[in-house]
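Below are a few notes to read with the model open beside you.

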Amino acid sequence: MKFAVALCLLLCAIGVMTLSLPGAVEEEQKSRAEREKEKELPDNFGAEKRSDEAEFKRGDDEMEFKRASEEECEATITKWTDDTVYYAYCSAAMKNKYSLEAFAQVSSILDGILTFKDVTKDDYDCTNNADREHYIAVVDNGKSEGCWSYVGMLSGEKQTLNLQTGKCTSVYVIIHEIFHALGLLHTQQRPDSPQYITVNTQNIKDGKEGNFAMKESMCTTCKYQTCSLMHYGRTFFSKGGETITPLDPDMGPDQGKQNQVQAGDLCAIYLLYDAREKETCKEVDGDGNDYCLWGTGNAYNFKCCRCPDHFTGDNCGTFDENAVSDNSGEKHEVTQGGAPVTVTSPNNAAGSSYLPSTKKTYFISAPTNCNVQMSADFISVENDASCYWDQLRYWSGESILDCPETICGEYTDVTYTSKSNFFMLEFNSDDMYNEKGFIMSFEAVNCT
Ligand SMILES: [Zn+2]
């Protein structure tokens, strides 16, 4: 199963909108019944990771990428006036748990940057607009329309955000479409994308090349993340084979499982909407510079308006297990030669299976001159090809801004060493099929 894919339309006029025809969604989330059919075991966790490194080739450093200045980039995108986004559901069916959750999440994570106003009428009428500001009309234009949105704010009464019934049932696909409506293009269209990915043009479905076409005007200020919610996966719009191949397997392990808003996505929106000028940002970062840019920095050296879950303090550099409303975090330190630290999945009282609808984050750090090694006798998480239902995400790269790896399925005798002095693990389960979970132990290794 692949992630449902949206087609966006590119708005390339200044002041005047240009229209193109929307494309169709390609693939869709499988039904719950289909989950049972797909219990193939994945490759052994982490085992191949290191051996790939020898063959890894970075993008050609000598290539020159035309980079627009920060002032110039995104100049072709029309932003929402007064930082206010109006939207309305144009039928009762459109106001469903997926779209409600998507707008609620976007509204929450962009709090202080943009204001979202639901202007749905009691009878869902989207024909009489005399009393409404320009708004996003959430509609279903019928079969074959798929999930799509225009890019940026159009002129006129309203603009369509199409969610084909039965097709657009992923909250993250809908958030992807809302981000288009706010003005984001696809990450793989950035002019610096050849440093990170190869687009296999010969594998792209006819007529879909535009979704992959580079846009020289796009900003490259924010970190390029192949796991961005706005980045296509490996086989999106494929007529056979991969359409996108990451150059560094460690930079794109999660590509194709874009079911999380990443720091780079928020950074792009913050940049577009001048978040650094807003009062809400100044409370967090008092140095007067570099708001919201997520510089490359050290392991977790954010510079941002809004810290990711559990991160607080200067530059969001501190992991606080209690820094989200449900206090669903654990923080541990391991020391050189010290006793290992053990963590377990949030399981039922008998310990035989993990709890449903549960999220928990674990952060393990070692002294700065060490790496963190994780060992587990078993890992058992409901399996499906995209790890959509339940999943373990772990960040073990040099920066918390590196894309996480996402896994599910059954693994035994796992050992994995982080590239930095931290290892962050995020566990998510949905409301059914709860497997055994995991017990992991951590220790500090490779101390210099
Ligand atoms: Zn899109």
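1. A word on terms first: a disulfide here is a pair of cysteine sulfur atoms within 2.5 Å. Cys227 and Cys403 meet that cut-off, with their sulfur atoms 2.2 Å apart. Please keep in mind throughout that this is a predicted model.

2. Staying with that link, the torsion about its S-S bond is -90 degrees, and the Cys227 and Cys403 disulfide is left-handed. It joins distant parts of the chain, 176 residues apart: Cys227 sits in the loop between β7 (197-199) and β8 (244-246), and Cys403 in the loop between β15 (391-395) and β16 (405-407). Both Cys227 and Cys403 are buried.

3. How many disulfides does a search of the whole structure find? The count is six. Among them is the link of Cys147 and Cys168, with sulfur atoms 2.2 Å apart; this one is left-handed, at -110 degrees about the S-S bond. Cys147 belongs to strand β5 (residues 147-149) and Cys168 to the loop between β6 and α3, so the pair ties together parts that are 21 residues apart in sequence. Cys147 counts as buried at 0% relative accessibility, and Cys168 does too at 6%.

4. A disulfide also joins Cys387 to Cys408, S to S 2.2 Å. The torsion about its S-S bond is about -75 degrees, so this disulfide is left-handed. Cys387 is in the loop between β14 (371-381) and β15, while Cys408 is in the loop between β16 and β17. Both cysteines are buried.

5. On to the packing. The largest nonpolar core has 43 residues, and those with the most contacts inside it include Leu110, Phe116, Ile175 and Phe179. Elements that each supply at least two residues include β2 (84-89), α2 (97-109) and α4 (263-272). Helix α3 gives the most, with nine residues. Leaving aside neighbours within four places in sequence, Ile175 is in contact with Ala102, Gln105, Val106, Leu229 and Val261. A second, separate core of 28 residues includes Tyr362, Cys408, Val414 and Met440.

6. Finally, do have a look at the open sheet of four strands, which run in the order β12-β19-β14-β17 with antiparallel pairing. β12 (341-344) and β17 (409-417) are the edge strands, each with a single partner, so one side of each has no neighbour in the sheet. Neighbouring strands are turned by 15 degrees against each other on average, direction ignored. β12 pairs with β19 (residues 437-445) over four bridges, and the bridge partner of Thr344 in β19 is Ile439.

Note on methods
Residues are numbered from 1 along each chain as its sequence is written. This is a predicted model: local features need pLDDT of at least 70, side-chain atom pairs count only at pLDDT 80 or more; totals for chains, interfaces and linings use all residues. Side-chain values use heavy atoms; hydrogens and water are left out. A nonpolar core is a set of buried Ala, Val, Leu, Ile, Met, Phe, Trp, Tyr and Cys residues joined through side-chain atoms within 4.5 Å. Buried means under 20% relative accessible area, exposed over 50%, partly exposed in between (1.4 Å probe, protein chains only). Contact means heavy atoms within 4.5 Å. Two strands pair if DSSP finds at least two bridges between them. Axes are lines fitted to C-alpha atoms, for helices over the stretch in contact, and angles run from 0 to 180 degrees between N-to-C directions.
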